Amino acid sequence: MTLSFDPNTISLPVGHFIGGRLVPAEAVIDMHRPSDGKAYAGCPLADEALVDHAVETARTALKTSNWGGVRPRERTVALQRWADLIEAEAETLARLEALSSTRPVGHLVAGDIAVTAEQIRFFAEFADKEGGDLVPTDDANFGMIMTEPYGVVGAITPWNFPLSMAGWKLGPALAAGNAVVLKPSEMTPFSTLYLAELSVRAGLPAGLVNIVLGDGPTTGNAITGHAGISKISFTGSTAAGAAIMTNIARTGVKPMTLELGGKSPQLVFADADLELAAGAIAGSILSNAGQACVCGSRLIVEAKVADALAAALIERLAAIRPGPTWDEATDYSPVISERQIARMDGIIRAAIDDGAECLTGGRRLDREGYFYAPTLMSGVTATSPAVLEEIFGPVLTIQTFEDEEEALSLADHPAYGLAAGLFTRDLSRAIRVTRRLQAGTVWVNRYGRSRDHILPTGGYKQSGIGKDLGREAYLANRKSKSVLISL
């Protein structure tokens, strides 16, 4: 299968997807391809009136289809057909996603798109297998807990994994009997639009999946503040999450799931398999050029093996094949924008001025597009922005420790607690340290998610509220009602 394509000939869906059809709209936000920096398209901007139209369309679709009240197996079967169609249309989805995003087309068919289909199937099976509970009461009463859909769920997804993040939101919400109004990032909307089109082709009632395009201040605020939306699900930065909470509080009260920023540590003890650790750590910082909320960007290593591990990492970080995302030979991504390149480079320059050293990288790659060399920095202080701030790029800092307590102290970030990695051959240490790490996910002798969708993801501290994936995500899309009947 050859996936490389000419980026100038691909046909793009332009508009919003509401009520089962593409609604044409004037493009007002300029878009640039990360791979070459060229302007190539524009994104429409949905205002309050259009968001209101999408919400009303979703509410009507719920009522006319009785999606939340049909035999649950019908929801399961419809979602499974959608997953089948996602796999069948993988090449088209891959081209649309690769064009505008930082995801190389060669990674998408077997990676993001296959995983998205799996996630849809995973949540589809909850529809007829998760329900209410009978609860123990005295003999004179009959107690139960009923669950039911919220209604219309508002979802906002980021630019770094457009399809995967859409699957995270749409899968559990639809399986639980809701309709969705979703805003993808204004930088990467096209694959999500096509994903929604596939839902209707698969037989989901038109109007259950609605995609409105636009930015955060206009379209995002219209979604999160809309009285007809009963629940919000968001993935993005902590700052944006705080703004969403403020907007919700200003316009009412509703439940929310927020998966937010991270500055995740990777702890390496001297007894670890260093080859395994180096591969996992390098993979974390190279994957999508470090543009992932769970990216393990803080390496915390026992001093006696720090030099050996650094040397192994430098070798791996140098073995990259940067290239445009539409070339299947590419295995190293661009950064999303010129603005992000400048922000990242500014943090690195400030760290160097503060005494840090770039062991490798620390520069923009000499090629068109927004490419930055994988960077390993030593000599950073605990208060350095390179250690404290979520850089969202291919930048890894290294700090050393002498004992377990020092390792845990360095790992404990003042704001974030999304994920952490731990490398050791000592099982007792692995369990002991895992218990004390302040993170919503801990990987031991590996780094990164698997296809075990049953494992939820979500953070501690300012890294979020609630969980995506797992049973928790399905249950978060249904509200519960306590019932007590006197006999």
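**Cavities, pockets and packing in the predicted model**

The second largest cavity is lined by Val 153, Trp 168, Lys 169, Pro 172, Lys 231, Ser 233, Thr 257, Lys 467, Asp 468, Ala 473, Ala 476 and Asn 477. The structure is a predicted model, in which local features need pLDDT of at least 70 and side-chain atom pairs count only at pLDDT 80 or more, while totals for chains, interfaces and linings use all residues. Residues are numbered from 1 along each chain as its sequence is written, and side-chain values use heavy atoms, with hydrogens and water left out.

Rolling a probe the size of a water molecule over the atoms shows where empty space is left. Here a 1 Å grid over the protein atoms alone was used: a cavity is a set of points where a 1.4 Å probe fits but cannot get out, a pocket is an open set with protein on both sides within 12 Å along at least five of seven lines, and lining residues have an atom within 4 Å of a point. Grid points are joined across faces, edges and corners, and a volume is the space filled by probe spheres set on the points.

The second largest cavity holds about 60 Å³ of space. Helix H5 and strand S10 are the elements that give two or more residues to its lining, and H5 supplies the largest share, three residues. Helices (H or I, at least four residues) and strands (E, at least two) are DSSP runs, numbered from the N terminus. By class, this lining has five nonpolar, three polar and four charged residues; Ala, Val, Leu, Ile, Met, Phe, Trp, Tyr, Cys and Pro count as nonpolar, Asp, Glu, Lys and Arg as charged, and the others, Gly among them, as polar.

The structure holds two cavities of 30 Å³ or more. The largest cavity has a volume of about 70 Å³. It is lined by 13 residues, with Gly 262, Cys 295, Ser 297, Glu 390 and Phe 392 closest to its centre. Six residues of this lining are nonpolar, five polar and two charged.

Two or more lining residues come from each of strand S3 (27-32), helix H7 (216-224), strand S10 (231-235), helix H8 (238-251) and helix H11 (338-353). H7 gives the largest share, five residues. The lining of the largest pocket divides into 19 nonpolar, 15 polar and eight charged residues.

The second largest pocket contains about 1100 Å³ of space. Of its 44 lining residues, Val 294, Trp 443, Gly 448, Arg 449 and Ser 450 are the closest to its centre. H4, helix H5 (162-175), helix H9 (274-286) and strand S19 (441-444) each supply at least two residues of this lining, and the largest share, five residues, comes from H4. The lining of the second largest pocket has 20 nonpolar, 15 polar and nine charged residues.

H4 also packs against two other helices, H2 and H5. Axes are lines fitted to C-alpha atoms, for helices over the stretch in contact, and angles run from 0 to 180 degrees between N-to-C directions. Angles under 35 degrees count as roughly parallel, over 145 as roughly antiparallel, 65 to 115 as roughly perpendicular and the rest as oblique. H4 and H5 meet at about 10°, with their axes 8 Å apart, which makes H4 roughly parallel to H5. Their contact (heavy atoms within 4.5 Å) includes Ile 113, Ile 120 and Phe 123 of H4 and Leu 163, Trp 168 and Pro 172 of H5. By class, this contact has eight nonpolar, five polar and one charged residues.

Helix H2 (residues 72-88) and helix H4 (residues 105-124) pack at about 175°, with their axes 8 Å apart; H2 and H4 are therefore roughly antiparallel to each other. Among the residues in contact are Leu 79, Trp 82 and Ile 86 of H2 and Ile 113, Ala 117 and Ile 120 of H4. Eight residues of the contact of H2 with H4 are nonpolar, two polar and three charged.

Finally, an open sheet of seven strands has the order S14-S15-S16-S13-S12-S18-S19, with mixed pairing (two strands pair if DSSP finds at least two bridges between them). Strand S14 (357-360) and S19 are the edge strands, each pairing on one side only. The twist averages 25° from one strand to the next. H11 lies across S14, S15 and S16, running at about 25° to S15.
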